[in-house]
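Have the viewer open as you read.

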Amino acid sequence: MNIKVTDYLNGLTQWKEELTKLREIILDCNLVEDFKWKHPCYTYKGKNIVLLHGFKEYSALLFYKGALLKDPKKILIQQTENVQAGRQIRFTNLEDINKLEASIKSYLLEAVEHEKSGRKIPIKKVSDFDFPIELGEKFKENPELETAFKNLTPGRQKGYLLHFSQAKQSSTRLSRIDKNTKRIFNGKGLNDCICGLSKRMPNCDGSHNQLSSK
C-alpha cells in the first residue's frame, strides 16, 4: 500500500467507503499502487491500468485503455465523444461495488492482459477531426490565435475542434470560438480548470461555482 493513497482516502468526506473498497479489489489483483495527478493510480510494470476518482455525483474507476475491454456487463462509460481510450465504471453506493466485485476483477485482469500484449488503441490525429471554416476565418483575422491553438496539446486541440464542429449553425460555431478564445490564449483545454480551485487538476470539477455563489 502507498502511504499517499492511505492519506488521500483518510481525508475524504465523500465516497470514502466506496473508494476504499475499490482499492481493496484492485490490490487483490496484484497491481502496484501509486499516487498520480492527486489520485490513486494502479500500474502494471510501470504502465497505468486504472485510476480511482471521486466526483460529485459518483465514484469511479477509470481504465486508461478501457476501449479495449469487452464489457460483457455493459457498465463501461465513455465520458465524452472526445475520449478515445479511457472508460469509466461508475458507482453511487457500496452495495453496487460489492455486487460487481467479481466483474470488476475480471475487467482489471483483462486490462492487464492487454497491457502485457502491448495492444494499442488507434488514436485519431488532429488532422482527422473536422476543421470548422469559421475557425480558419478567425485564424486569418488573428494569426496569434492560430499560433496559440497550435501550441495546445493535441488532445486539447481535438477537444476544441469537436466542440466547435458539433454546432449545426455557423453563428453557434462562431459563438463557441469567441467564448473559448481566452482559454486558448491561456493554453487551457475545453474542460481545464481556470479558477484554480479544482481538486481534479487540470480538469474542472465545478468548483468555480463556489465563486458565483459568494
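This is a predicted model: local features need pLDDT of at least 70, side-chain atom pairs count only at pLDDT 80 or more; totals for chains, interfaces and linings use all residues.

## Starting point: Leu108

Let's begin in the middle of things. Setting aside residues up to four places away in sequence, Leu108 touches Ile25, Ile26, Cys29, Leu31, Val50 and Phe63.

Cys29 from that list is buried, because its relative accessible area of 10% falls under 20%. Cys41 is buried as well, with a relative accessibility of 0%. As for disulfides, the structure holds 0 of them.

## The overall layout

Stepping back, the chain has 9 helices and 5 strands. In sequence order they run α-α-β-β-β-β-β-α-α-α-α-α-α-α.

The chain has 214 residues, of which 40% count as buried. If you take the contacts with a separation of 6 or more, 56% of them are between residues 24 or more positions apart.

In soluble globular proteins, nonpolar side chains tend to be buried together. Here the largest nonpolar core has 27 residues, and the members that touch the most others are Val50, Leu61, Phe63 and Leu108. Two or more residues of this core come from each of helix 1 (3-10), helix 2, strand 3 (47-54), strand 4, strand 5 (87-91) and helix 4 (101-117). Helix 4 gives the largest share, 5 residues.

There is also a second, separate core of 13 residues, with Leu135, Tyr160, Leu161 and Ile177 among them.

Leu61 sits in strand 4 (residues 59-63). Is Leu61 buried or exposed? With a relative accessibility of 0%, Leu61 counts as buried, since the cut-off is under 20%.

Beyond its neighbours within four places in sequence, Leu61 is in contact with Leu22, Ile26, Val50, Leu51, Leu52, Arg87, Gln88, Ile89, Phe91 and Ile104. For a sense of how the chain folds back here, take Leu19: it is 42 residues from Leu61 in sequence, yet the C-alpha to C-alpha distance is 8.9 Å.

Helix 2 (residues 16-27) has 12 residues, so at 1.5 Å a residue it should span 16 Å; the end C-alpha atoms are 16 Å apart, which agrees. Its buried residues are Glu18, Leu19, Lys21, Leu22, Arg23, Ile25 and Ile26. An α-helix has 3.6 residues a turn, so residues three or four places apart point the same way.

Helix 4 passes the same sort of check: its 17 residues should span 24 Å at 1.5 Å a residue, and the end C-alpha atoms are 25 Å apart, which agrees. Buried in helix 4 are Ser103, Ile104, Tyr107, Leu108, Glu110, Ala111, Val112, His114 and Glu115. These buried residues pack against helix 2, strand 2, strand 3, strand 4, strand 5 and helix 3 (94-99). After helix 4 comes Gly118, which has a positive phi near 75°.

## Aromatic pairs

How many aromatic pairs are there? The count comes to 6. One of them joins Trp37 and Tyr64, a tilted pair at 6.2 Å centre to centre with 45° between the planes. Trp37 is in the loop between strand 1 (32-36) and strand 2 (39-44), while Tyr64 is in the loop between strand 4 and strand 5, so the pair ties together parts that are 27 residues apart in sequence. Trp37 is partly exposed at a relative accessible area of 47%, and Tyr64 is partly exposed at 23%.

Elsewhere, ring pairs link Phe131, Phe139 and Phe149 into a cluster.

## Two lysines with positive phi

Two loop residues are worth a click if you check backbone angles. Lys38 has a positive phi near 65° although it is not a glycine, and it lies in the loop between strand 1 and strand 2. With 52% relative accessibility, Lys38 counts as exposed.

Lys74 also has a positive phi in a residue other than glycine, near 55°. Lys74 belongs to the loop between strand 4 and strand 5, and it counts as exposed at 67% relative accessibility.

Technical notes. Residues are numbered from 1 along each chain as its sequence is written. Side-chain values use heavy atoms; hydrogens and water are left out. Helices (H or I, at least four residues) and strands (E, at least two) are DSSP runs, numbered from the N terminus. Buried means under 20% relative accessible area, exposed over 50%, partly exposed in between (1.4 Å probe, protein chains only). Contact means heavy atoms within 4.5 Å. The expected span of a helix is 1.5 Å times one less than its number of residues. A nonpolar core is a set of buried Ala, Val, Leu, Ile, Met, Phe, Trp, Tyr and Cys residues joined through side-chain atoms within 4.5 Å. Rings of Phe, Tyr and Trp (its six-membered ring) pair if their centres lie within 6.5 Å; planes under 30 degrees apart count as stacked, over 60 as edge-to-face and the rest as tilted. A disulfide is a pair of cysteine sulfur atoms within 2.5 Å.
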